[in-house]
Amino acid sequence: MIKNAKKIVIKVGTSTLTYDTGLLNIRKIEKLCNVICDLQNSGKQIILVSSGAISAGWSKIGLASRPTTTEERQAAAAVGQNELMNFYDRNMEKYGKVVAQILLTAPDLKCEDRHAKFTATMNRLLSLGVIPIINENDTVATEEIEFGDNDTLAALVASSVGADLLVLLSDIDGLYTADPHKDPEASLIPEVYEITDEIRALGGGAGSALGTGGMVTKIRAAEIATEAGCDMIITNGAYPELLYNVMDGNLAGTKFYAKR
């Protein structure tokens, strides 16, 4: 089924896009852009949900570490969003691609009228061959918990546009039986056919120091996506070329099967 997926949402996390310094990881982003453009050339419709604005912004405006106050986070996001989009635009333009920036807040998907307009715009952009790049509008959002990090946002976007597949590029290979950073006996779970209480219990706390998500938000995203009939895969964002394995139908990480 994955080999036949046409409309695909790809979410990339902060830890994949940036170094611990907050500065952009140029090598990874360039490779990600390369793979996304190539996948679109193969006939896929790609939507990118990108984190990283706050992290990219705080280093550029000279803060010593990730901001903690709402005002600082919003200021950093305003600067970092421009930095990210400029980089995506320049790197995808090399392959003849056009990108569009879309910033969302929770009410945009809760209000029926705004939600409908968002979906219509997304479908039109895809029909025109544009690659939409989506992020939460951190500059005006008052609570980061509105979406529960961009994992949940990506799942809601996938549900809204009727995506066939959601791929979460993370700083871990997939869902494990335990925290692999703490338990050497932890093993990767390659496939999840049903999200049970046992699966939910495998969700931990927050992710890296730069990001705000963790496995708990990814499992929540899987519930949203699979309920909407969309398969979901968690795979390691350190290797964007793994997206080729995913699209070829080979297991690369953990696959959550959609309810059909």
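In this predicted model, helix 7 (residues 149-161) packs against helix 9 (residues 215-227) with the axes 8 Å apart and an angle of about 10 degrees between them. Helix 7 is therefore roughly parallel to helix 9, since angles under 35 degrees count as such. On the helix 7 side the contact involves Asp-151, Thr-152, Ala-155 and Leu-156, which meet Thr-217, Lys-218, Arg-220, Ala-221, Ile-224 and Ala-225 of helix 9. Five of the residues in this contact are nonpolar, two are polar and three are charged.

Helix 7 also packs against helix 6 (residues 112-127), where the axes come within 10 Å and cross at roughly 75 degrees. The range for a roughly perpendicular pair is 65 to 115 degrees, and helix 6 and helix 7 are therefore described as roughly perpendicular to each other. Helix 6 contributes His-115, Phe-118, Thr-119, Met-122 and Asn-123, while helix 7 contributes Val-157, Ser-160 and Val-161. This contact of helix 6 with helix 7 has four nonpolar and four polar residues, and no charged ones.

A further pair is formed by helix 3 (residues 53-60) and helix 4 (residues 70-93), with axes 6 Å apart and an angle of about 100 degrees. That angle makes helix 3 roughly perpendicular to helix 4. From helix 3 the contact takes in Ala-53, Ile-54, Ala-56, Gly-57, Trp-58 and Lys-60; from helix 4, Arg-73, Ala-76, Ala-77, Val-79, Gly-80, Gln-81, Glu-83 and Leu-84. Sorted by class, the residues of helix 3 and helix 4 in contact are eight nonpolar, three polar and three charged.

The packing geometry is set out below.

| Helix pair | Angle | Axis distance |
|---|---|---|
| Helix 7 and helix 9 | about 10 degrees | 8 Å |
| Helix 6 and helix 7 | roughly 75 degrees | within 10 Å |
| Helix 3 and helix 4 | about 100 degrees | 6 Å |

Turning to the cysteines, zero disulfides are found in a search of the whole structure. Cys-37 is in no disulfide, and the nearest cysteine sulfur, that of Cys-33, lies 6.3 Å away; a disulfide would need the two sulfur atoms within 2.5 Å. Cys-37 is buried, with a relative accessible area of 1%. Cys-230 is likewise buried, and its relative accessible area is 1%.

As to confidence, the protein has an average pLDDT of 88, and 93% of the residues score at least 70. Residues 205-213 have a pLDDT below 50, and this stretch has 24 contacts in the model beyond near neighbours in sequence. Where pLDDT is low, predicted coordinates should not be read in detail.

Methods. Residues numbered from 1 in each chain as written. Predicted model: local features only at pLDDT ≥ 70, side-chain atom pairs only at ≥ 80, totals over all residues. Heavy atoms only, no water. Axes fitted to C-alpha atoms, helices over the stretch in contact; angles between N-to-C directions. Helix = DSSP H or I, 4+ residues; strand = E, 2+ residues; numbered from the N terminus. Parallel < 35°, antiparallel > 145°, perpendicular 65-115°, else oblique. Contact = heavy atoms within 4.5 Å. Nonpolar A, V, L, I, M, F, W, Y, C, P; charged D, E, K, R; others polar. pLDDT = per-residue confidence, 0-100. Buried < 20%, exposed > 50% of the residue type's maximum accessible area, 1.4 Å probe, protein only.
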